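You asked for a quick read of this one before you start clicking around.

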Amino acid sequence: MNEPVRVDVHAGLRASTILIGAGVTDRASELLDAHGVGRKRVVVSSPLVWRLHGERIARALGGGDPILVPDGERFKNLQSVSRIYDALVRAGADRGSTIVAVGGGVIGDTAGFAAATFLRGVTLAHIPTTLLAQVDSSVGGKVGVNLALGKNLVGAFHQPALVLVDPLLLATLPRREFRSGLYEIVKYGMIASRDLFERVARDTKAIFARDERVLLPAIVESCRIKADVVTRDERESDLRRILNFGHTVGHALEAVTKYRRFRHGEAIAYGMLAAADLAVTRGALADLARQALARLLARLGPLPPASDLPAGEVLEAIKRDKKVIDGALHFVIATQIGATMTIDDVTENELRAVLERLGLTR
Ligand SMILES: NC(=O)c1ccc[n+]([C@@H]2O[C@H](COP(=O)([O-])OP(=O)(O)OC[C@H]3O[C@@H](n4cnc5c(N)ncnc54)[C@H](O)[C@@H]3O)[C@@H](O)[C@H]2O)c1
Ligand SMILES: [Zn+2]
């Protein structure tokens, strides 16, 4: 294989490196060694992911029994973390051990939180296996789990020492999961790169065919954008907020449908449409740009319906979200394809009108 592409995240106490390349997992052991990750490694994965890719990854890492925890959103909780702790103790893990999280965002966040807290913190490495995890959740150091009362309410910042991003692992990913990750790539285009946006629009077919000649550069650029933002602002003060483009309305849609109807990226697709619409009504974005976004999202496939959801309920969910600071809602809007600004004076009526134009029930 070609040498993997390297992206560095400079945040937190230790260096965090992302290596992206087709087949990079097959060299996992050598690459972990080269990045100073100790030899005592414990894999955390899910039964499904391990069934599909375990043999290959176990071979690359040189054996050892993995800790398997189920990976739906409803298993991203403290009980799974607790199961991981127990298994770590039983496996004789110590401060010199490394947790290697192999899976989608749920496994990465859960195993990552266990790594951040077990013995007050052990080394973490990610081998993300969904597109969303490859371009988003494994990058940036946020780890955590849900409580019964809400999503991601418990967490930590714990930068992975190494992230191995292998597009070949995506071959088995269901199309809908793949699309969910694609919407985040569109988001990176919207916030930072017109070129990325245009390539996704132009090469949609090849991307869906998972042709690594187009998919790999799109993943690389997405990781670079996120790494760059996180390097400049690890802890989500101002800059990191741009990564939340589309997430204000998106998170609210996920919450009112109890995380059952939408894949994360699908909700974000609606959220991006809402943020673009708001930007147009504010005179910040040309309507042509909004239309280009709407066209691209339509090209990527149909979204689950949202027209039965009452705008009022979604508004309430937005107000409960953590993006409300001192009563003001901070909203990231696009100013063109590839650039954003934050506004903090969005009124409830304004937002209600946006949601109704999006097709939600009055
Ligand atoms: N930490 C962060 O910064 C961050 C950022 C974005 C999202 N997240 C979190 O990520 C989670 C969503 O992640 P996700 O979309 O990867 O979901 P997920 O981890 O639930 O994976 C989706 C599904 O794909 C399956 N799967 C995984 N890899 C596969 C493969 N290679 N082939 C076939 N099937 C495969 C899984 O078993 C699962 O059923 C959410 O909990 C979200 O909060 C975290
Ligand atoms: Zn997201």
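Predicted model: local features only at pLDDT ≥ 70, side-chain atom pairs only at ≥ 80, totals over all residues.

1. Start with ligand 1. There are 26 residues around ligand 1, and Asp71, Glu73, Thr129, Thr130 and Thr172 come nearest. Sorted by type, the shell has 10 charged residues, 8 polar ones and 8 nonpolar ones.

2. Now zoom in on some polar contacts. A nitrogen atom of ligand 1 sits 2.7 Å from an N or O atom in the side chain of threonine 129. On the oxygen side, lysine 151 brings a polar side-chain atom to 2.8 Å from an oxygen atom of the ligand. Glycine 105 uses its backbone instead: one of its polar backbone atoms is 2.8 Å from an oxygen atom of ligand 1.

3. Helix α2 gives the largest share, with 4 residues.

4. Next, the nonpolar cores. The largest one has 80 residues, and Val186 and Phe331 touch the most other members. Its largest share, 11 residues, comes from helix α11 (residues 264-281). If you select valine 186, you'll find it in contact with Phe197, Val200, Met272, Leu293, Leu296, Leu297 and Leu300, leaving aside neighbours within four places in sequence. Another core of 22 residues lies apart from that one, and Val44, Ala115, Val143 and Val145 are among its members. As background, nonpolar side chains tend to be buried together in soluble globular proteins.

5. You'll find valine 249 in helix α10 (residues 247-256). It counts as buried because its relative accessibility is 2%, under the 20% cut-off. Beyond its neighbours within four places in sequence, valine 249 contacts Gly271, Ala274, Ile318, Phe331, Leu355 and Leu358.

6. Last, is serine 97 buried or exposed? Serine 97 lies in the loop between α3 (78-90) and β5 (98-103). Its relative accessible area is 4%, so serine 97 is buried. Apart from neighbours within four places in sequence, serine 97 is in contact with Lys40, Val122 and Thr123.

Methods. Residues numbered from 1 in each chain as written. Chains lettered and ligands numbered in written order. Heavy atoms only, no water. Near = heavy atom within 4 Å. Polar contact = N/O pair within 3.5 Å; in protein donor to acceptor, adjacent residues only side chain to side chain. Helix = DSSP H or I, 4+ residues; strand = E, 2+ residues; numbered from the N terminus. Nonpolar A, V, L, I, M, F, W, Y, C, P; charged D, E, K, R; others polar. Buried < 20%, exposed > 50% of the residue type's maximum accessible area, 1.4 Å probe, protein only. Contact = heavy atoms within 4.5 Å. Core = buried A, V, L, I, M, F, W, Y, C linked by side-chain atoms within 4.5 Å.
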